[in-house]
Amino acid sequence: MLSDILQRLDKVRRQGDRYRSVCPVHDGNNPTALSLREEDGKVLIHCYACLSTGPEVVEALGLSVNVLFRDENRNVTEPITNVSKSGV
């Protein structure tokens, strides 16, 4: 998950509960533009310069969007089928 993404980024710095890095989506060089953190089994990513989010960033790194979720075997485009109609 997060470690797979961090390995491919440049100028990674830890800042509290999150990491900062250069965004691979745009041509910036500010290592604080991209913010990454894990929360509830998901990797949350936001670029404050170009406003990219997780899917755009991992695609720019050559990774699948599945890397953003704890269960990487689940295809995020597949519908969830084991839910009752009552939602319980």
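Helices (H or I, at least four residues) and strands (E, at least two) are taken here as DSSP runs, numbered from the N terminus. In these terms, the elements of the protein run α-β-β-β-β-α from the N terminus on. This is a predicted model, in which local features need a pLDDT of at least 70 and side-chain atom pairs count only at pLDDT 80 or more, while totals for chains, interfaces and linings use all residues. Residues are numbered from 1 along each chain as its sequence is written, and side-chain values use heavy atoms, with hydrogens and water left out.

**Figure 1. Overview of the model and its confidence.** The secondary structure of the protein comes to 2 helices and 4 strands. The pLDDT, which is the predictor's confidence in each residue on a scale from 0 to 100, averages 84 over the protein, and 81% of the residues score at least 70. Over residues 78–88 the pLDDT is below 50, and this stretch has 1 contact in the model beyond near neighbours in sequence, a contact being a pair of heavy atoms within 4.5 Å. Where pLDDT is low, the predicted coordinates should not be read in detail. Of the 88 residues of the protein, 32% count as buried, where buried means under 20% relative accessible area, exposed means over 50% and partly exposed lies in between (1.4 Å probe, protein chains only). Among contacts between residues at least 6 apart in sequence, 38% join residues at least 24 apart.

**Figure 2. The open sheet of 4 strands.** The strands follow the order β1-β2-β3-β4 with antiparallel pairing, and two strands are said to pair if DSSP finds at least two bridges between them. Because β1 (13–15) and β4 stand at the edges with a single partner strand each, one side of each is left without a neighbour in the sheet. Neighbouring strands of this sheet are turned by 25 degrees against each other on average, direction ignored; the axes behind this value are lines fitted to C-alpha atoms, for helices over the stretch in contact, and angles run from 0 to 180 degrees between N-to-C directions. Strand β2 (residues 18–21) is joined to strand β3 (residues 34–39) by 3 bridges, and arginine 20 has serine 35 in β3 as its bridge partner.

Figure 3. Leucine 34 stands opposite cysteine 47 in β4, and arginine 37 has leucine 44 in β4 as its bridge partner. The hairpin has 2 residues between the strands, and aspartate 40, which lies in this loop, has a positive phi of about 50 degrees although it is not a glycine. Aspartate 40 is exposed, because its relative accessible area is 68%.

**Figure 4. The largest nonpolar core.** A nonpolar core is a set of buried Ala, Val, Leu, Ile, Met, Phe, Trp, Tyr and Cys residues joined through side-chain atoms within 4.5 Å. Of the 19 residues in the largest one, Ile5, Leu9, Leu34, Leu36, Val43, Ile45 and Val58 touch the most other members. Helices α1 and α2 and strands β3 and β4 each supply at least two residues of this core. Leaving aside its neighbours within four places in sequence, valine 43 is in contact with Met1, Leu2, Ile5, Arg37, Glu38, Val67 and Leu68.

**Figure 5. Leucine 2 in helix α1.** Leucine 2 lies in α1 (residues 2–6) and counts as buried, because its relative accessible area is 7%. Residues up to four places away in sequence not being counted, leucine 2 touches Tyr19, Leu36, Glu38 and Val43. The C-alpha atoms of leucine 2 and leucine 44, which are 42 residues apart along the chain, are separated by 9.1 Å.

**Figure 6. The loop between β4 and α2.** Serine 52 lies in this loop, between β4 (42–47) and α2 (54–60), and counts as buried at 7% relative accessibility. Its contacts, not counting residues up to four places away in sequence, are Val25, Ile45, His46, Cys47 and Val57. Leucine 51 lies in the loop between β4 and α2 and counts as exposed at 59% relative accessibility. Although leucine 51 is not a glycine, it has a positive phi of about 65 degrees.

**Figure 7. Salt bridges.** The structure holds 2 salt bridges, each defined as a side-chain nitrogen of Lys or Arg within 4 Å of a carboxyl oxygen of Asp or Glu. In one, the side chains of aspartate 17 and arginine 18 meet at 3.4 Å, N to O; arginine 18 is partly exposed, with a relative accessible area of 21%. Glutamate 39 forms a salt bridge with arginine 37, the closest N and O atoms being 2.3 Å apart, and glutamate 39 is partly exposed at a relative accessible area of 35%.
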